[in-house]
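This briefing sets out the fold, the packing and some local features of one protein chain. Please keep the sequence and the structure below in view while reading.

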Amino acid sequence: MKRKIVILNGSPRLNGNTAALIREFVRGAEAAGNTVVRFDLDRMAIHGCKGCLGGGKNPDQPCAQKDDMDLIYPEYRSADVLVLASPMYYWGISGQLKCAFDRLFAITESDPGWKTPHKKAILLMAAEGTGKENEAPVIDYYESLLGFLGWENLGSIVAGGVLKAGDIAGHPELEKAFELGKRIC
């Protein structure tokens, strides 16, 4: 069965190292017949969560705030797989991605029992540092987040040693991103 994949790209560089991982992943996912929708969060007007617990009243615009999250909500609702793509910033995801992800809580508020919709998830990340000690904090966060939400982890790829845009050229994690995308069906 083919899947709908939504990518939340938290990188401010549309042609940077994270974008290269996304391109390879999408190439594989589309080759497997999946549908992919990508949101470049840095180019969108998305405000931080206010923690107001005022969302969930309108299924079409679930958050009390009205901004570009209204473009993401319907795609997120119908997605089978959510890809969190980001450069590593201080051993975590970018602020752009964190901000948008926090706002997905409005969908949870739409459920009378505050149940978060079940999703499958993938992490794609470009990082300056290399090695398990560099990756451990962000992988721990990602896996803990999925565990709390009850989501299925389809995989994580961290391409280390890439700082400047283009440093990822020829990196072995690009092929892994392609193969991961191809396995989704």
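**Strand order, packing and local features**

Strand 1, helix 1 (residues 17-31) and strand 2 together form a β-α-β unit that is right-handed, a term applied when, with the strands pointing away from the viewer, the path from the first strand over the helix to the second runs clockwise. Helices (H or I, at least four residues) and strands (E, at least two) are DSSP runs, numbered from the N terminus. The model is predicted, and local features need pLDDT of at least 70, side-chain atom pairs count only at pLDDT 80 or more, and totals for chains, interfaces and linings use all residues. Residues are numbered from 1 along each chain as its sequence is written, and side-chain values use heavy atoms, with hydrogens and water left out.

- Six of the six residues of strand 1 are buried, where buried means under 20% relative accessible area, exposed over 50%, and partly exposed in between (1.4 Å probe, protein chains only).
- In a regular strand the side chains alternate between the two faces of the sheet.
- In strand 1, K4, V6 and L8 point one way, whereas I5, I7 and N9 point the other way, and all are buried.
- Strand 1 pairs with strand 2 in the parallel sense over six bridges; two strands count as paired if DSSP finds at least two bridges between them.
- Strand 1 also runs parallel to strand 3, to which five bridges join it.
- N9 has a partner in each neighbouring strand named here: D40 is its bridge partner in strand 2, and A85 stands opposite N9 in strand 3.

**Strand 4 and its partners**

- Strand 4 (residues 120-126) is mostly covered, with six of its seven residues buried.
- Strand 3 (residues 81-87) and strand 4 run parallel and are joined by seven bridges; within this pairing, S86 has M125 of strand 4 as its bridge partner.
- Seven bridges also join strand 4 to strand 5 (residues 152-159), again in parallel, and A121 has N153 of strand 5 as its bridge partner.
- From strand 4 the chain passes through helix 5 (residues 132-149) to strand 5, and this β-α-β crossover is right-handed.

**Nonpolar cores**

- In soluble globular proteins, nonpolar side chains tend to be buried together.
- The largest nonpolar core has 36 residues, of which L8, L41, I72, L82 and L104 touch the most other members; such a core is a set of buried Ala, Val, Leu, Ile, Met, Phe, Trp, Tyr and Cys residues joined through side-chain atoms within 4.5 Å.
- The elements that give two or more residues to this core are strand 1 (4-9), strand 2 (35-40), helix 2 (69-78), strand 3, helix 3 (95-103), helix 4 (105-110), strand 4 and helix 5.
- Helix 5 supplies the largest share of this core, six residues.
- A second, separate core has 23 residues, including V36, A85, I122 and A126.
- Leaving aside its neighbours within four places in sequence, L104 is in contact (heavy atoms within 4.5 Å) with L8, M69, I72, Y73, Y76 and L82.

**Helix 3 and helix 5**

- The buried residues of helix 3 are L97, C99, A100, F101 and R103, and their cover includes strand 1, helix 2, strand 3, helix 4 and helix 5.
- E135 belongs to helix 5 and is buried because its relative accessible area is 17%.
- Apart from neighbours within four places in sequence, E135 is in contact with M88 and V158.

**Cavity**

- Rolling a probe the size of a water molecule over the atoms shows where empty space is left.
- One cavity of 30 Å³ or more is found in a search of the whole structure; on a 1 Å grid over the protein atoms alone, a cavity is a set of points where a 1.4 Å probe fits but cannot get out, and lining residues have an atom within 4 Å of a point.
- The volume of the largest cavity is about 30 Å³, a volume being the space filled by probe spheres set on the grid points, which are joined across faces, edges and corners.
- L84, I93, L123, V138, Y141, Y142 and L145 line this largest cavity, and helix 5 gives the largest share of the lining, four residues.

**Positive phi in loops**

- L53, in the loop between strand 2 and helix 2, has a phi near 55 degrees, a positive value in a residue other than glycine.
- L53 counts as exposed because its relative accessible area is 51%.
- W114, in the loop between helix 4 and strand 4, likewise has a positive phi near 55 degrees.
- W114 counts as partly exposed because its relative accessible area is 42%.

Notes
1 Å grid on protein atoms, 1.4 Å probe; cavity = no way out; pocket = protein on both sides within 12 Å on 5 of 7 lines; lining within 4 Å.
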